[in-house]
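Colleague: Could you walk me through this model and tell me what stands behind each label you use? I would like to set the terms against the values.

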Amino acid sequence: MDNPELYHKTNQMQRHNAGEIVRKYLQNFNWRTDGPYTLIDLGSSIGDVLLEVVYPILNKKFNRIVCSDINPGMIEYGKQLFGEKIKNCEFRVFDIATTGDIPSDLKDQFDIVVSFFCLQLIPDQRNAFQNIYSLLRPEGGNCLLTIFARAPYFEAYLHLSKTSKWSPYMGEVDKYTCCWHYCKDPENELNAILEEIGFRDIDVKLRPTVYTYETFEAFKSNMKAVSHYCHRMPTSLQDEFISDFAEAMMRANPNFDHYDSDGKAFRLPFTQLVIFARK
């Protein structure tokens, strides 16, 4: 993801899904009686999903909100976009996949850790969840996380990476294929990891999901915005690449009706892992 403007214009699916999940799990959060609270989002991109969708749903007073992402360009765009609009909000370049020490001003600091469609990009899941555990305050901090776990999306990219046309631009395709995509029992395997780390009140669920884009073009624009490969190729090839990706994705799931009954709206099927747990 290297086009913050395009992502901001096209991320309706990401916004919708985050809002739906937060509303569903809102009652699970345990709130201290002596607020205000602290909140960090991992993989915030430009921060709009957290600040315009999640934060209003939480409807609590926070004395610290951190939008974090590994991409400095996304963080800078978010900083310019939101500026001082949200009180006590900071934008921070931070890699939750780090194998080093968690910065002291982040460790044990947060009542709430959230992340939406970021963790699937991390091969070492145990390390990522250990780092999340380190971010949470010791007295019962909560985390709510979603992982884009299974989808013909991944099969489409794997197919394109083997073609002579697109393989020069698609190194490390395995890195961007979620490790849970081929796992037979991700719920129990992830639950075991979380228990070993020390989490409690663990709730891990595979959630089959279908999101409906208003048009096929809206789907392609969103996929272009979140692509890990478009920025590697000339601009003149990017739209053709996304069209080939969309066709490959539909071929990878031939029994699914991607077009809605009106023949205009386009449906994206995927299965997400939703994780709620406490320290």
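Modeller: Gladly. Let me begin with the pocket lining: α2 (12-25), β1 (37-42), β2 (62-69), α6 (152-160) and α8 (216-226) each supply at least two residues to the lining of the largest pocket. Helices (H or I, at least four residues) and strands (E, at least two) are DSSP runs, numbered from the N terminus. This is a predicted model, in which local features need pLDDT of at least 70 and side-chain atom pairs count only at pLDDT 80 or more, while totals for chains, interfaces and linings use all residues. Residues are numbered from 1 along each chain as its sequence is written, and side-chain values use heavy atoms, with hydrogens and water left out.

Colleague: What makes a space a pocket, and what volume does the largest pocket have?

Modeller: On a 1 Å grid over the protein atoms alone, a cavity is a set of points where a 1.4 Å probe fits but cannot get out, whereas a pocket is an open set with protein on both sides within 12 Å along at least five of seven lines; lining residues have an atom within 4 Å of a point. Grid points are joined across faces, edges and corners, and the volume is the space filled by probe spheres set on the points. For the largest pocket that gives about 960 Å³. Its lining has 38 residues, and the closest to the centre are M1, F117, C118, L121 and H228.

Colleague: How are the lining residues of the largest pocket divided into nonpolar, polar and charged?

Modeller: There are 23 nonpolar, nine polar and six charged residues in that lining. Ala, Val, Leu, Ile, Met, Phe, Trp, Tyr, Cys and Pro count as nonpolar, Asp, Glu, Lys and Arg as charged, and the others, Gly among them, as polar.

Colleague: Why is the contact between E52 and R15 called a salt bridge?

Modeller: A salt bridge is a side-chain nitrogen of Lys or Arg within 4 Å of a carboxyl oxygen of Asp or Glu. The closest N and O atoms of E52 and R15 are 2.9 Å apart, so the pair qualifies. E52 lies in helix α3 and R15 in helix α2, so the pair ties together parts that are 37 residues apart in sequence. A search of the whole structure finds 21 salt bridges.

Colleague: Why does D244 count as buried?

Modeller: Buried means under 20% relative accessible area, exposed over 50%, and partly exposed in between (1.4 Å probe, protein chains only). D244 has 18%, so the label is buried. Its salt-bridge partner K165, with the closest N and O atoms 3.0 Å apart, has 41% and is partly exposed.

Colleague: How do you know that R32 and D34 get separate labels for accessibility?

Modeller: R32 has 23% and therefore counts as partly exposed, while D34 has 51% and therefore counts as exposed. These two also form a salt bridge, the closest N and O atoms being 2.8 Å apart. R32 and D34 belong to a network of salt bridges that also links D111, R137 and E139.
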